[in-house]
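My notes follow in the order I made them.

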Amino acid sequence: MRLPTIATTTALLLAGLAGTNVAHAQEMRAAPLVPPFSAAKPGKPPSPWDAVKINDRKTPTTYEIVQNSSESVLHAIADSSASALGVQVSFDVKAAPVLVWRWRVASLIEDADNTVAAKEDSPARIVLEFDGDKSKLSFSDRAASSFAKQLGGRELPYATLMYVWSNTAPVGTVIPNPHAKRIQMVVASSGPAGVGKWQSLKRNVYDDYKRAFSEEPGLLKSVGVMTDTDNTGTKVEAWYGDLAFQPADK
């Protein structure tokens, strides 16, 4: 599973997460499962988690399973680098719209700004890619998707929703990706409060998608995490706990 390069945009990074296992689509719609990091042994993240490379010119972020207080978690180190770790899924988020997860960052990224292309980095991200009717996309969106396929062999997904840790934007803020409007970012954590500590988070993906894209979501096709510092040229560390989808009433 490989992402096409973004060239000058984070957008193309996400295309490699968009693969799907069609044979299991129906069963996954009502029973979404993201393989837990806590069940893994220290070392390389196990299958079906897969490293997602941008291109040969980009240094990849390092992802490794480590022990944290007797529990396995994912440790990410980005040093002027960017890549993701993703897993394929296929289900309707309306069946279990609430995403819960934990993450921790060692520091913020100085000068990072998700609204500015040259500064668009984040110490921690959750990346969700959705299917949809691409015939409805604008000419520019279809052109960007074709460009992604030329560069990396995969088209961009119909839509990508990210949860990010922002330096200054308030929690809940929707930030359009500065390069591609089919990528929308929602601030899940903000500012220095909580840096160095585990944060337990919960977001209603269905509601956030409708707010960001003003339409119903299609099937969720992939779930990923990403820690990146390629634009700011800095170094940052992050840790990710398990990700899980739950019904809205839990």
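In which strand is Lys221 found? I looked it up, and Lys221 sits in strand S11. I note for the record that this is a predicted model.

I then checked what lies around Lys221. Its side chain makes a polar contact of 3.0 Å with the side chain of Ser90. I also took the C-alpha separation between Lys221 and Thr160, which is 9.9 Å. These two residues are 61 residues apart along the chain.

Then I turned to the pairing of strand S11. Strand S11 covers residues 220–228 and pairs with strand S4, residues 82–91. The pairing is antiparallel and runs over eight bridges. In this pairing, I found Leu85 opposite Val225 of S11.

I traced the whole sheet next. It is an open sheet of seven strands, and I wrote down the order as S1-S4-S11-S6-S7-S9-S8. The pairing across the sheet is mixed. At the edges I found strand S1 (50–52) and strand S8 (174–176), each of which pairs on one side only. Ignoring direction, neighbouring strands of this sheet are turned by 30° against each other on average.

Last, I looked for a helix against the sheet. Helix H3, residues 205–213, lies across strands S6 (122–130), S7 (159–166), S8 and S9 (183–190). I noted that helix H3 runs at about 105° to S7.

Key
Residues numbered from 1 in each chain as written. Predicted model: local features only at pLDDT ≥ 70, side-chain atom pairs only at ≥ 80, totals over all residues. Heavy atoms only, no water. Pairing = 2+ DSSP bridges. Helix = DSSP H or I, 4+ residues; strand = E, 2+ residues; numbered from the N terminus. Axes fitted to C-alpha atoms, helices over the stretch in contact; angles between N-to-C directions. Contact = heavy atoms within 4.5 Å. Polar contact = N/O pair within 3.5 Å; in protein donor to acceptor, adjacent residues only side chain to side chain.
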